[in-house]
Amino acid sequence: MSAIPIQPDTTPMQPDANLVDELRNQLTGEVIAPGDPAYEQARQVHAGGVDRHPAVVVRPTDATEVARVVTIARDTGLSLAIRSGGHSVAGHSVCDAGITLDLAALRRLDVDVDQRTAWAQTGLTAGEYTLAVGVHRLATGFGDVASVGIGGLTLGGGIGFLSRKHGLTVDSLLAAEIVTADGQVRHVDADHDPDLFWAIRGGGGNFGVATRFRYRLHEVDTVVAGMLILPATAQTIASFVSEAEAAPEELSAVAEVLPAPPLPFLPAEVHGRSILVAALCCTGPPDEAEQTVAAFRALATPVLDLVERRPYADVFPPEEELPPLVPSFHPLFLDGIDRDAAEIVLDRLAAWTAAIPMLQLRVLGGAMRQVPADATAYAHRQQRILAVAATFYERRDEAAEHEAWAADLAAALPGAVSGAYVNFLGEVDEPRVRDAYPGPTWERLVEVKTAYDPTNLFRGNHNIAPRSER
């Protein structure tokens, strides 16, 4: 994986006054230019090391205004970045010298409790949506972080706390409203522009600006969920993965193996030692869920146990206020992880000097495996484990060595399977993007891209270029 491009600190460019005036004349939403009080905050994203200065940041209020921005970007040739929640690891949520289209003002949510569906605009976060539909004891599965925008998460597939029980986020996607490169606002579903609907279920932001999604809602009320921290030994890691694979599909689990940071809720005696931080979520009858979770508590004496019965709407863990760190992610799939593989992980983590080095492990399967591989653009349906070798560090000029470390850890793991999850990719070249879309999936995505975005207007992403650029 190549490093996230880092721009040198420069004086923000002055935008074309005519462009800013045109946008302000055509939009009721905010138009923020360099020098405006809100500009510095508007250009910030979650990933550290991204210091880009757009010519203008716009926040349209509806799909029609989004279409006007798309048309202006197309006609002027300016680069275009789309921001939902701003969590892109690669920093794709903001651009240099172009238009950053921020969907933050698109926040409407219409819930049909009887039909168990919801129309949600893409400025909402996963946490906001989950809280709102949770009052009806309903849910749609997103990821495992509340502040992530539903736009990018959904377009990349969506792996999270309900994946084994109810599938990926895109498996609950019934329809979408999307603005394509020709400036049209399209309603797409299985019967309308079905190729485009197929492509946006995993193909990322290559095909337009998604402004609304219609989701299926599932009955999810009380769950047994929360954070469980165990000492990380080779036996604990291997046993955790084994238990997660053997558990009923009601159980979804994600574990992060890392040296314990000096956080106040961790006992001082474990700071710097290897720990396994697990986020567990088990749906179904609470008594049965308690029995399922008991197997994980029995793996070792917990350092911290916050797993309890709670509404699903409270399932997202609190997000620590940490200094902005530069991330390097290397996602891969694994056929399994045994004690030997776990020893490799522990050795590599102990030897690295990053602020936070880790290996994240997500056990897959269940409902997401029941969907045919060609049904959506997310095609990795039969993979067993999603792993992410990750490191977070402070100095931007050290990107290359940290990227190399993450890639080397991934390469050292036995049982690695070709592939990648696009939502966890950093700034990479085309061969690595193709890992996310195996075989005929890539070719079909190229055809859809060529049909709907022949000039590659939507290139600020993990890009699938049209035929004209090949």
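Author: Two strands pair if DSSP finds at least two bridges between them; strands (E, at least two residues) and helices (H or I, at least four) are DSSP runs numbered from the N terminus. The model is predicted, so local features need pLDDT of at least 70 and side-chain atom pairs count only at pLDDT 80 or more, while totals for chains, interfaces and linings use all residues. Residues are numbered from 1 along each chain as its sequence is written, and side-chain values use heavy atoms, with hydrogens and water left out.

Reader: In the hairpin of β5 and β6, which residue takes a positive phi?

Author: Strand β5 (residues 109-112) runs antiparallel to β6, and 4 bridges join them. D112 stands opposite T117 of β6. The hairpin has 4 residues between its strands, and the positive phi, near 55°, belongs to R116.

Reader: Which residue in β10 is the bridge partner of T117?

Author: β6 also pairs with strand β10 (residues 209-216), in the antiparallel sense and over 5 bridges. In β10, the partner of T117 is R216.

Reader: How many residues of strand β6 are buried?

Author: Buried means under 20% relative accessible area, exposed over 50% and partly exposed in between, with a 1.4 Å probe and protein chains only. In a regular strand the side chains alternate between the two faces of the sheet. In β6, T117, W119 and Q121 on one side are buried, as are A118 and A120 on the other. For strand β6 (residues 117-121), the count of buried residues is 5 of 5.

Reader: How far from the sulfur of C282 is the closest cysteine sulfur?

Author: A disulfide is a pair of cysteine sulfur atoms within 2.5 Å, and a search of the whole structure finds 0 of them. C281 counts as buried because its relative accessibility is 0%, and C282 is buried as well, at 1%. The sulfur closest to that of C282 is in C281, too far for a bond, at 7.4 Å.

Reader: Is helix α1 roughly parallel or roughly antiparallel to α3?

Author: Helix α1 (residues 17-26) packs against helix α3 (residues 63-76) with the axes 10 Å apart and at an angle of about 160°. Axes are lines fitted to C-alpha atoms, for helices over the stretch in contact, and angles run from 0 to 180 degrees between N-to-C directions. Angles under 35 degrees count as roughly parallel, over 145 as roughly antiparallel, 65 to 115 as roughly perpendicular and the rest as oblique. Therefore the arrangement of α1 and α3 is roughly antiparallel.
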